Amino acid sequence: MAEPIDTPALRARVSELGCAALVDAMGRLHEHRANFLPLVSPDPDRPLFGPAVTLSYMPRRDDVPQSSQSFGDFFHRAVGQFPGRRVLVLSSGGYPEASHGGGTKLSRVALHGLSGVLADGRLRDFGELRTYDFATWCRGEATRAGGDTVMPYAAGVAVEFAGVCITPGDFVFADASGGVVIPAASLHRVLETARQVNEEDAGFLREIRATEAPPERGGTGARRRRSGPPGAAR
């Protein structure tokens, strides 16, 4: 099956459905965990959506071949020849409090037209990242470089992200309420199920308002409660 095409209309539809409905939809269609808790963003009003390209970090070692390769080497290996509107997913390598990049390294994301960055670690230079034309969600801001703690290790592989498995091509969505990972082959079924979830919730809300609304203040019910013989206890 061909990968779904990321279009402005699709992005608008996903944002309108919202993260909670998408998570509920994934729960109806798949048995595996697909959501993660809220992250931090330099621009929290900007949601993130797109198919994933992955880059895995590992604890730093100086005796493996990867230690001599740069972030740029792994970035280009991850995004390939057609980066499009993809999301660069950075797995933390077990150190979510370490910095995994900053404004200089991640300028490549803007240069190659990616939709954004989803990092299971901290990032530097929030002020600079805020100026780029892509969304960024991560564990928080860092000031200290993390190169002595973690290093890029593999690109284009399945990664662990906040307890969730993300494979290249999965669609990821993140906003201020949290995030969800959707297999590409399930995307349109998930979106339709999420629409149904929202319609069901709207129906439940109408039912609650119709059947459980309290009597209007000052209405006949209120007067009836206050009726009684003169001097009766209130």
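The model is predicted: I take local features at pLDDT of at least 70 and side-chain atom pairs at pLDDT 80 or more, while totals for chains, interfaces and linings use all residues. I number residues from 1 along each chain as its sequence is written, and side-chain values use heavy atoms, without hydrogens and water.

**Pocket**

I started with strand 8 (residues 150–155), which gives the most to the lining of the largest pocket, with 3 residues. Strands (E, at least two residues) and helices (H or I, at least four) are DSSP runs, numbered from the N terminus. A pocket is an open set of points on a 1 Å grid over the protein atoms alone, with protein on both sides within 12 Å along at least five of seven lines; lining residues have an atom within 4 Å of a point. I noted 16 lining residues, with His100, Gly101, Lys105, Gly146 and Gly147 nearest the centre. The volume is about 180 Å³, taken as the space filled by probe spheres set on points joined across faces, edges and corners.

**Cavity**

I found 1 cavity of 30 Å³ or more. The largest cavity holds about 40 Å³. Its lining is Ser41, Pro42, Asp43, Arg46, Leu129, Arg130, Phe134, Ala135 and Thr136.

**Helix 6**

I checked the length of helix 6 (residues 187–212). Its 26 residues should span 38 Å at 1.5 Å a residue, and the end C-alpha atoms are 37 Å apart, so the two agree. The expected span is 1.5 Å times one less than the number of residues. I listed its buried residues as Leu187, Val190, Leu191, Thr193, Ala194 and Val197. Buried means under 20% relative accessible area, exposed over 50%, and partly exposed in between (1.4 Å probe, protein chains only). The cover over these residues includes helix 1 (8–17), helix 2 (19–29), strand 11 (171–175) and strand 12 (178–182).

Is Ser56 buried or exposed? Ser56 is buried, because its relative accessibility is 12%. Ser56 sits in strand 2 (residues 48–59). I noted contacts (heavy atoms within 4.5 Å). Leaving out residues up to four places away in sequence, Ser56 touches Ser91, Met151, Pro152, Tyr153, Ala154, Val157 and Val159.

Ser107 belongs to helix 4 (residues 107–111). At 28% relative accessible area, Ser107 is partly exposed. I put its C-alpha atom 7.8 Å from that of Tyr132, 25 residues apart along the chain. The Ser107 side chain reaches the backbone oxygen of Thr104 at 2.6 Å.

Notes. On a 1 Å grid over the protein atoms alone, a cavity is a set of points where a 1.4 Å probe fits but cannot get out, and a pocket is an open set with protein on both sides within 12 Å along at least five of seven lines; lining residues have an atom within 4 Å of a point. A polar contact is a pair of N or O atoms within 3.5 Å; within protein, one must be able to donate a hydrogen and the other to accept it, and residues adjacent in sequence count only if both atoms are side-chain atoms.
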